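User: I would like a close look at a single part of this model, with the cut-offs behind each term spelled out as you go.

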Amino acid sequence: MQLDVRVPIGWLFLTLGIILVIYGFTSDPAIYVQHSLGVNVNLRWGAVFAVFGAVVLFLAKRKKS
């Protein structure tokens, strides 16, 4: 049995990224003006997390083949 830690880590980051992207799209833009200089931090970091998770899952699948 081969335990590959990339698969659960990839799913974790992909899921967290998708949640942050959805929250970034649905949240009130006024909170970003007050707290983060007008930058939608949830949307940006959610996209980064989702891309990172997808890359990790891609690399894990490529290694198995």
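User: Does I9 count as buried, partly exposed or exposed, and at what relative accessibility?

Analyst: I9 counts as partly exposed, because its relative accessibility is 34%, where buried means under 20% relative accessible area, exposed means over 50%, and partly exposed lies in between (1.4 Å probe, protein chains only). This is a predicted model, in which local features need pLDDT of at least 70 and side-chain atom pairs count only at pLDDT 80 or more, whereas totals for chains, interfaces and linings use all residues. Residues are numbered from 1 along each chain as its sequence is written, and side-chain values use heavy atoms, with hydrogens and water left out.

I9 sits in helix α1, which covers residues 6-26; helices (H or I, at least four residues) and strands (E, at least two) are DSSP runs numbered from the N terminus. Together with V5, L12 and F52, I9 forms a nonpolar surface patch with about 360 Å² of accessible area. Such a patch is made of residues with over 30% relative accessible area and no salt bridge, nonpolar side chains (Val, Leu, Ile, Met, Phe, Trp, Tyr) being joined within 5 Å and like charges within 9 Å, and the areas come from the Shrake-Rupley method with a 1.4 Å probe, only the protein chains shown counting as cover for residues.

The salt bridge (a side-chain nitrogen of Lys or Arg within 4 Å of a carboxyl oxygen of Asp or Glu) is found once by this rule. D4 and R6 form a salt bridge, their closest N and O atoms being 3.0 Å apart, and R6 is partly exposed at a relative accessible area of 29%.

As for the setting, the chain has three helices and zero strands, and its C-alpha trace spans about 50 × 15 × 15 Å along the principal axes. The radius of gyration, taken over C-alpha atoms, is compared with a globule rule of 2.2 Å times the number of residues to the power 0.38; the chain has 15 Å, while a compact globule of 65 residues would have a value near 11 Å. Buried residues make up 25% of the 65 residues, and the accessible surface of the chain comes to about 5,200 Å², of which 73% belongs to carbon and sulfur atoms. Among contacts (heavy atoms within 4.5 Å) with a separation of 6 or more, 65% are between residues 24 or more positions apart.
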